[in-house]
Amino acid sequence: MKTAKLTVLLLAAGLVGTTAAQSYKGPKVALTYLHGFTGADRPVMEKLIAQFNATHPNIQVKAQAQPWGTTWQQLPSLVASGRAPDVVVINEDQITNFIARGAVSPLTDAELKASGISKARFYGPLFKTADYEGKSYGVPISSVAYVMFYNKELMKKAGVTKVPTTRAEFLAAAQACTTDKSGKKAGQAGFDPKNLDTWGVSLYNNWVGARMAYAAILQNGGSLVDKQLNANFNSPQAVEAVQFLVDLVQKHGVARPNSTEEAELAAFSQGKVCFFPSGQWYLDRFEQQKMDFGVAFVPRIGSKQDAAWGGSSHLTLPKQRAGYDANKRLAALEFVNWMTQPAQNLSWTEAGSLPVMPAVARDKKFEGRPISGVFAKLSGIYATSGFPWGGQVLGPFDNAWANAYSGKMSVKQALDGGVSEANKQIEQARKTFQ
Amino acid sequence: MSLSVPRPAAPRARGRQSLVPYLYLLPFMLLFLVFVVYPVGYGFFVSLHRWDLLAETRPFVGLEYYRNLFDASTPQSQFFWNAMKNTAFFTVVSVPLLVATALGLALLLYRPIAGRAFFRAVFFLPGVLTVSVMGILWRWMFDNQIGLVNAVRTDLLGLQPVPYLSSEGLAWIPVIVGTLWWTIGFNMTLYLAALGNISQSLYEAAEIDGATAWPKFRFITWPLLGPVTLFVFVTTVLASFQLFGQTLVITSGGPNRTTQSAIQYITEEAFSNNQFSSASAMAFMFGLAMLIFTFLQFRIMARDARGES
């Protein structure tokens, strides 16, 4: 069956009797490639493209780098007018929306196989980020994740010898790290949780802070949306998980109330807080500061599984007009495959990305580097993806976290409110996504 | 050349004469049609359909998205009017401050005091910053934990810190103070220019009559500044209605959407929620509100002009 499809494809491409599935042998084609790697990652991407062009004389990739937001605004009209680029990079927070609206074409099993792209090469949840209704739409090229930075010096001072991995260890370590301005420990008489000198963990009120709640909910077996893709981040598991985080502030006094990301970042840099959960993108900053720090996977606060939030970028093939050159699609798949080979992915990690596949995470290059502390659990990273109404779910979720963390509402109230708001918006969005 | 031809000319020449102004207007007309009339019309079309560029069908739904804005059970109505209320609140609070402070600074810096040029520059310079730089600066200043404002409260005054950025109501303070600092120089410069146009002889005459500082301001400066005050007032109100960047960067519209501006919510509905028809309908409602306001402004201006002549 699969061979039959493959033969059809190859015939359509004008290939006769070829068996080398991994390299495009058709006539010379030029591909347009749109991506949003416009910062320090741009030169790395450009180097890779130049390398691809040099080794593939019959495929010429012309890349265009532009801010992500511009691409999200342009892509629908480019697709609608039949002028879509051959390859586009789409991020995890946008991809399901574009899939549901029909902007991206599915990658069939036969195509993936013929071009040598094996799902098994990648971290499972990462590859599934671009799946929708049982089909695959993209191949992961880049990944960032929520991790837990820890300050070794302060931990030593507090007598914490092991990086916590469970809820109990995490709470105990956080308590050990917490001292108020008069030198009292949490739990001692007269302890003042509003005037902390050093403390256990950084919690804060923006969307990045809300990703800690996301991790805790997933770890507890909860989720953002149910099977019908309606918001359900107020399930008992979710409430329990978020309650634990809020208790760190309100009950245990090991995190600062009403803090901001900037304040916690500064506090961690100054050695005031033991654990700073945040995006792995702060790695550079701490390395340059020559801090004595480590990076660990987010401890397992929930009872079911290891989990953390991750963001990712996926190589996709947009929907093209009828009569699109089949050679171009084959060449595009070749490009996607080449770009996501271990060697290329290893080069790409220079740009600040995490490895997207175990083969790269095992590379010697990472030995002894702080970031390798999370590599063992990279398969536990989950994007906020899989539902076409990202804004409608994540906006209310982030707001609910802020309300619960600040103590403005009880955890249950805050999450219920968020879910009800999200579902009202989803109900309206459904009409446009039919 | 035909422009200077006197009136009693041949009818043929008059025909050519009346064509010329339209030819001059043509380039602007074309740009106006392409970049204003067409997009506005297209936006209205979008607001009447369940519209997505990629959808195969874009059914006509009439005024559904407008009705949603008046149906209290929809999130659109709840958040849109909340954002409109926030925008109105910002305008009502910030405009008097922006006008009065600018006038006060202009009166101080119009006098020949030492370092006058330096102070003028100090107040004008923040205006050259982009909104993102200004926003980050004021977010840091008012940070709940590390902000300079809270450092002064705790370290110098011995008070408790205040979580400005995450308290409903208080979150407006950094936004308004930041906007004042950021835009005051422009209004101040307009006032300085207007003060320069008031003839000194009026003040000399008043002094001969024994007028002191207050009567001189009340009966000479203030009335003669009338036209520029009106101009400053109208432009500041319009700018305040367009509130977007400051709240986006300083508070992200929070806590709980209490500082979310109308344009910010329209942007969210369009580009975060991908509800373009709904966002277009809101934009038209917002535009209508601005139109009504501008109409009232013109009425006042016309009356003012009549009063002066």
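How many salt bridges does the rule find across the interface of chain A and chain B? The rule finds 5 of them there, a salt bridge being a side-chain nitrogen of Lys or Arg within 4 Å of a carboxyl oxygen of Asp or Glu.

Before I continue, a word on conventions. This is a predicted model, in which local features need pLDDT of at least 70 and side-chain atom pairs count only at pLDDT 80 or more, while totals for chains, interfaces and linings use all residues. Residues are numbered from 1 along each chain as its sequence is written, chains are lettered from A and ligands numbered from 1 in the order in which they are written, and side-chain values use heavy atoms, with hydrogens and water left out.

Let us return to the interface. One salt bridge pairs E262(A) with R139(B), their closest N and O atoms lying 2.2 Å apart. On the chain A side that touches chain B, the elements giving two or more residues are α3 (68–80), α11, α16 (390–405) and α17 (411–432) of chain A; helices (H or I, at least four residues) and strands (E, at least two) are DSSP runs, numbered from the N terminus. The largest share of that side, 7 residues, is from α17(A). By class, its residues divide into 10 nonpolar, 15 polar and 7 charged. Here Ala, Val, Leu, Ile, Met, Phe, Trp, Tyr, Cys and Pro count as nonpolar, Asp, Glu, Lys and Arg as charged, and the others, Gly among them, as polar.

In total, 32 residues of chain A are in contact (heavy atoms within 4.5 Å) with 33 residues of chain B. Between them the two chains bury about 2,800 Å², 44% of it on carbon and sulfur atoms; buried area is the accessible area (1.4 Å probe) that two parts lose on being put together, summed over both.

Over all chains, the salt bridges come to 21. Among them is E111(A) with R329(A), where the closest N and O atoms are 2.4 Å apart. This pair links distant parts of the chain, with E111(A) in helix α5 (residues 109–115) and R329(A) in helix α13 (residues 326–339) of chain A, 218 residues apart.

Which residues does Q250(A) contact, leaving aside its neighbours within four places in sequence? They are A404(A), Y405(A), S406(A) and G407(A). From C-alpha to C-alpha, Q250(A) and Y405(A) are 8.8 Å apart in space, although 155 residues separate them in sequence.

Finally, I turn to the backbone of chain B. Where is P255(B) placed? The residue is in the loop between α11 (245–250) and α12 (262–272) of chain B, and a cis peptide bond, with omega of about -10°, joins G254(B) to P255(B). R257(B) also lies in the loop between α11 and α12 of chain B. Its phi is near 65°, a positive value in a residue other than glycine.

Thank you for your attention.
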